[in-house]
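Q: I'm new to this structure and would like a close look at one part of it, the sheet. Could you walk me through that part and then show me what lies around it?

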Amino acid sequence: MTIFHDASADDTTVFHGGVVWLEPHKTTSALAITGGTISALGEEALALLDQASHTVDLAGRFLMPAFSDGHCHPVFAGLEYQGPAITGKKSIDAIVEAVRVFAEANPDAEWIRGGSYDPTLAEGGNFDAAWLDAVVSDRPVILRAADYHTLWCNSEALKRAHVTTDTPEPRLGRIERRPDGSPLGTLREWHACDLMLDVAPPTDPEALVTAVVKSCEVANSNGITWMQDAWVDLNGHRPFITALERNQLTVRTNLAFRADPDHWRQQADDFIRMRAEVHAAGNEHLLTARTVKFFVDGVVESATAEMIAPYLDTHEHGMPNWSREELLLAVAHFDALGFQTHLHAIGDRAVRHALDSIENATEVNETWDRRSTITHVQVVHPDDLPRFAELGVIANFQAHWAQEDDLMTKLTAPRLGPERTNLQYPVGSLWRSGARLSFGSDWPVSPNNFVETMLVAATRQTDDGSPAEGWVPEQRITVDDGLLIATAGTAYQSYTEKFRGTIAVGMAADLVVLDRDVTSVEPMVARKAVASETYLSGVKVFTR
Ligand SMILES: [Zn+2]
């Protein structure tokens, strides 16, 4: 398969002088690519060195299948590079200053939109419109928090959206208010954010294409050649088609259309149309739209993840977006239409309902290669662990979240209590149960760095190596198993495992060269590994 109509498609490239990782505890010494496909391994590849058109001396580096990102948000990530530079800013003052600088440099921007700010910088995550008003008062400003379920707006934005003292509380969401009832400037969850997003003008279509192309560049720089966009709204497929037509889609992408709990019955026709338009664009190896996404619940940090037992602080069970009955109907409906289902489930009750809905679909619909996926899988009741393997459900983990960082110790653990805290991210239990596992970054919520994901899965430690024995150490897996999940495991989720995701003769040359052998050095040294080259079907799409 040639992706970029490369005139040199029959050239042979031989990689040698390093470690070529094939599968857990199995490596070889060399690899040859011909016409975008892996053509020889080991001694047979070395035998081609003399006649090869190119040779790559790995100089001890580590060649492995390119990573697949089983859950991310490339348009959100790409757009962060276009707005005010607030990502990673460590104080409210620094964020406000970045907004001021952007506003000054872009006097014609009628709305200022940006992402994503660290919601832990303000007490309770409550950000005040007045802080933004101090630098921009003439135009609306809306900023997304890093969780992408929260907005911080200035007063002009609140005015345009008619969010006032009299605005009633939405069903799914919360308007943070001052003691006098007036809106503070922070909107949480779906229906509150929609009050604002529904009045903001749509993003310029060309800016969306630029965002897609930028996200491909960044993903390639981290060794990624396949990604799951896990949140595509109406006509959100178009920038991907444009990028494909311009030969700028350098990450194979599958789109998941978001099912809205209030409108899913009416959405089906649009999903079928968008899927057909994507597939008519004509490159099934680069762009597909085979998936529907369900946000079953929220997140623990906002006490919106849906729990079987109440949170210790709020004494509530969270904020389910779907009733169990509606979720069962909707999942079965889209499954019957041939869509893979991809369910965000974080609390133990949400995970249970997600499993129930997939089980129901297997019972009421015909048997097919459905590959249903539950993503995040944060708190799982022990009774539900065996169900993943039994039902053939893929658990898509953001394993880099499985560490005892500030978020865990300050926000999550106090709210869950010790027993449920230790049930989080059961990567090891599910792996040993024979369940299918995959990894996803949730980028830009977290960086799309799969070296870090694998190493946290293997150590359950923070980057300073604590705790020494790992957090909930029985849930650790080996680095080799992490490599398998991050490559072949996620390729299975993506339906691409027959032509990519493993190193074997005849497979597409989707490859990454890491700057060190991550299987043979100390985990904290391995964790610093970076991609030095990335190949998509043998075409070099990144070099450091
Ligand atoms: Zn996500």
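A: Helices (H or I, at least four residues) and strands (E, at least two) are DSSP runs, numbered from the N terminus. Keep in mind that this is a predicted model, where local features need pLDDT of at least 70, side-chain atom pairs count only at pLDDT 80 or more, and totals for chains, interfaces and linings use all residues. Residue numbers run from 1 along each chain as its sequence is written.

Strand β17 (residues 394-397) pairs with β18 in the parallel sense over four bridges. There, Asn396 stands opposite Ser438 in β18. As a general point, strands of a sheet pair through backbone hydrogen bonds, either parallel or antiparallel.

Helix α10 (residues 324-336) has 13 residues and reaches 18 Å from its first C-alpha to its last, close to the 18 Å expected at 1.5 Å a residue (that is, 1.5 Å times one less than the number of residues). In α10, the buried residues are Leu327, Ala330, Val331, His333, Phe334 and Asp335. A residue counts as buried if 20 or more other C-beta atoms lie within 10 Å of its own, exposed if 12 or fewer, and partly exposed in between, with C-beta atoms placed from the backbone. Just after α10, Gly338 takes a positive phi of about 85 degrees.

One last stop is strand β19 (residues 511-514), where Leu514 lies. Leu514 is buried, with 22 other C-beta atoms within 10 Å. Leaving out residues up to four places away in sequence, Leu514 touches Arg61, Phe62, Met64, Val451, Ala529 and Ala531; contact here calls for C-beta atoms, placed from the backbone, within 7 Å. Leu514 and Val451 are 63 residues apart in sequence, yet 9.1 Å apart in space, C-alpha to C-alpha.

Definitions and conventions:
Pairing = 2+ DSSP bridges. Contact = placed C-beta atoms within 7 Å.
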